[in-house]
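This report goes through one protein model, from its paired charges to its overall size. Keep the structure in view while reading.

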Amino acid sequence: MNGPAEGALFDRTSLSWRFNSQSFVLLGGPRAAILQICDPGIAAGVVEFSRYKTDPLGRFEGTLESMLAISFGSPERRAEVLERLERIHTAVSGTLEDGSSYSALDRDRQFWVLATLTDSVIEVERRYIGKMRRGDRVAYYQESKPMAAAFGIPDDLVPDDYEAFRDYFAQRLATLEPTEDSREVASTLMRPRVRFVPGIAWMPFNLVTTELMPTRMRHQLGMRDLNRAELATVRAAQVSMRNSVAHLTGGLLANPLNGRAIRSAA
């Protein structure tokens, strides 16, 4: 597996490269995307300005690829992606039903997007890989701060340490109130209409996503709890993956999005 480009935000020795460059992070992508649109402003922006119905997986894939390019691409590639995102986000703004305004340039909401990605990597790793120790989680969060700085997010919006981050995340989950837009986008992400792909094909991924979702958000979005048989299936998959990862190396572990994100950055 090729390493980060020269001058990348995170080098080969970083925990960010160790974990984010692996394919398992894709399991948490839908969870992160759904948690993001639990914020009414983000959900409204997705509904009004994205092609989530005609290209349901596009935003998910584009977000992950952009994050990889910013993290592991050259300084030139990083600047290019950040400029493109800023340009796109400039056009995304509007008014919610309660009269409040939203903007994709809102730094608080931008940090929430980054926070869902960070937390999802940690949660997926904990369930499916099991290599991170507490000290790794603390260090992994600290490493995530340069990403927030790259987006111009003020320091006062970024929790000081991992404990503060956990408190921030828990408080956000306790206070977010998903809207009909949130539920509509979440439903589309769970059951995307992709040509030649039958709906039942998404069932295994939906079981994984449902099990990963925080209980309150799952219920707020109208997602049912897994039954005992479904939960047993997910638990078996977690054990199987933990046992098999130790025997996989190199390209078999690599995130398939690495190629486009990093090669184009070199």
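## Salt bridges

A salt bridge is counted here when a side-chain nitrogen of Lys or Arg lies within 4 Å of a carboxyl oxygen of Asp or Glu. Side chains of opposite charge can pair when their charged atoms come close. By this rule, the count comes to 17 salt bridges. This is a predicted model, in which local features need pLDDT of at least 70 and side-chain atom pairs count only at pLDDT 80 or more, while totals for chains, interfaces and linings use all residues. Residues are numbered from 1 along each chain as its sequence is written, and side-chain values use heavy atoms, with hydrogens and water left out.

D119 and R31 form one of these bridges, with 2.9 Å from N to O. The pair links distant parts of the chain, since D119 is in helix 6 and R31 in helix 2 (residues 29-36), 88 residues apart. Helices (H or I, at least four residues) and strands (E, at least two) are DSSP runs, numbered from the N terminus.

## Buried and exposed partners

Buried means under 20% relative accessible area, exposed means over 50%, and partly exposed is in between (1.4 Å probe, protein chains only). The areas themselves come from the Shrake-Rupley method. D119 is buried because its relative accessible area is 1%, and R31 is buried at 3%.

D39 and R172 form another salt bridge, their closest N and O atoms being 3.0 Å apart. This pair also links distant parts of the chain: D39 is in the loop between helix 2 and helix 3 (40-49), and R172 is in helix 8, 133 residues apart. D39 has 4% relative accessibility, so it counts as buried; R172 is buried too, at 12%. Both belong to a network of salt bridges that links D39, D106, D108, R109 and R172.

The side chains of R183 and E180 meet in a salt bridge of 3.1 Å, N to O. Both residues lie in helix 9 (residues 180-190), three residues apart, which is about one turn of the helix. R183 is partly exposed at 25% relative accessibility, whereas E180 is exposed at 55%.

## Charged patches on the surface

Patches of charge are made of residues with over 30% relative accessible area and no salt bridge, like charges being joined within 9 Å. Lys and Arg count as positive and Asp and Glu as negative; His and the chain ends are not counted. The place of a charge is taken as NZ of Lys, CZ of Arg, CG of Asp or CD of Glu.

R18, K131, R133 and R242 gather in a positive patch on the surface. R133 is in the loop between helix 6 (107-128) and helix 7 (134-150), and it is exposed because its relative accessible area is 54%. A negative patch on the surface is formed by D155, D156, D160, D161 and D167. D160 lies in the loop between helix 7 and helix 8 (162-175) and is exposed, at 61%.

## Overall fold and size

The protein has 13 helices and two strands. Its radius of gyration, taken over C-alpha atoms, is 18 Å, close to the 18 Å that the globule rule (2.2 Å times the number of residues to the power 0.38) gives for 266 residues, so the protein is as compact as a globular protein of that length. The C-alpha atoms fill a box of roughly 50 × 45 × 40 Å along the principal axes. Buried residues make up 49% of the 266 residues.

Key: Patches are made of residues with over 30% relative accessible area and no salt bridge: like charges are joined within 9 Å, nonpolar side chains (Val, Leu, Ile, Met, Phe, Trp, Tyr) within 5 Å. Accessible areas come from the Shrake-Rupley method with a 1.4 Å probe; for residues, only the protein chains shown count as cover.
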